[in-house]
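I opened this notebook to keep track of what I looked up, one entry for each stop along the chain.

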Amino acid sequence: LLFMNPDLQKDISAGKCIRTVYITSGDAGSNQLYWLAREQGSEAAYSKMLGKDSIWIQRTLKLGDNQFATVASPRGNSKISLIFMHLPDGNLRGQGFNDTKRESLIKLLQGQIPSIHSIYGNSTYTADSLTLVLSELIKVYRPSDIRTQATFASKQYPDHSDHMSVSKFVEKAYKIYEASNLTNDSAIPIKHYIGYPIHSMPQNVFGTDLVNKIAVFLSYAK
């Protein structure tokens, strides 16, 4: 909502399918009420982009052995899916939080921990199995574009460790998908969106796009 919009809004308005994968819960080391509210906020934001109030239906998706996600879609609308994998927030520098055993995506990526567990406790991933699951999601949904965070580094405004780690996991997942599924097909474009370091960059969203983007984000925040 902060970094990829208004691209999301434009595609939704054009009637395109959007599958948004939230790898971490954004729990910030807080309790279930906090991160569930963030999920409801995301649903509210997508309802705003759809231009109508929606009743959201959630179902549990089994991704693998001891690997589950929650998939939320507006009732009667199969074009929008929010996929919540519920891995723990890794904190700004990847140090993690006490309540989730200091686990983080960047520690998993760098081999500092052998596995990471969902905040529900019902899912476990190694670095390889997380990459494979993301690759399978690409295979299932067959996107025409892939959007993810960037690994752009800035000393003045450092990005969140989860943003940068997700970018690297997505790149690894795509390489697996590409090698096994795109032998004679065109590559899928991957677009990287800069996170917190945009704070030091010139404004590039204006007019109606800006008004709509703010309205969508405020729907989430409320």
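Before the first entry I noted that the expected span of a helix is 1.5 Å times one less than its number of residues, and that helices (H or I, at least four residues) and strands (E, at least two) are DSSP runs numbered from the N terminus. This is a predicted model, in which local features need pLDDT of at least 70, side-chain atom pairs count only at pLDDT 80 or more, and totals for chains, interfaces and linings use all residues. Residues are numbered from 1 along each chain as its sequence is written, and side-chain values use heavy atoms, with hydrogens and water left out.

Entry on helix H4. I checked the length of H4, residues 127–141, and found its end C-alpha atoms 22 Å apart, which agrees with the 21 Å that its 15 residues should span at 1.5 Å a residue. I then looked up its buried residues (buried means under 20% relative accessible area, exposed over 50%, partly exposed in between, with a 1.4 Å probe and protein chains only). They are Ser129, Leu130, Thr131, Val133, Leu134, Ser135, Leu137 and Ile138. An α-helix has 3.6 residues a turn, so residues three or four places apart point the same way. After H4 comes Arg142, with a positive phi near 50 degrees.

Entry on backbone angles. Most residues other than glycine have a negative phi, and most peptide bonds are trans. I found a positive phi near 65 degrees at His86, which sits in strand S4 (residues 80–87) and is buried at a relative accessible area of 3%. Arg102 also has a positive phi, near 60 degrees, but this residue lies in the loop between S4 and helix H3 (105–109) and is partly exposed at 34%. I also noted a cis peptide bond between Asn5 and Pro6, with omega about 15 degrees; Pro6 belongs to the segment before helix H1 (7–13).

Entry on Gly26. Which residues does Gly26 touch, not counting residues up to four places away in sequence? I found Tyr34, Arg38 and Asp89, where contact means heavy atoms within 4.5 Å. Gly26 lies in the loop between strand S1 (18–24) and helix H2 (32–50), and it is buried, with a relative accessible area of 11%. Its C-alpha atom is separated by 21 Å from that of Pro114, 88 residues apart along the chain.

Entry on Ile198. I placed Ile198 in the loop between strand S8 (190–193) and helix H6 (207–221), where it counts as partly exposed at 36% relative accessibility.
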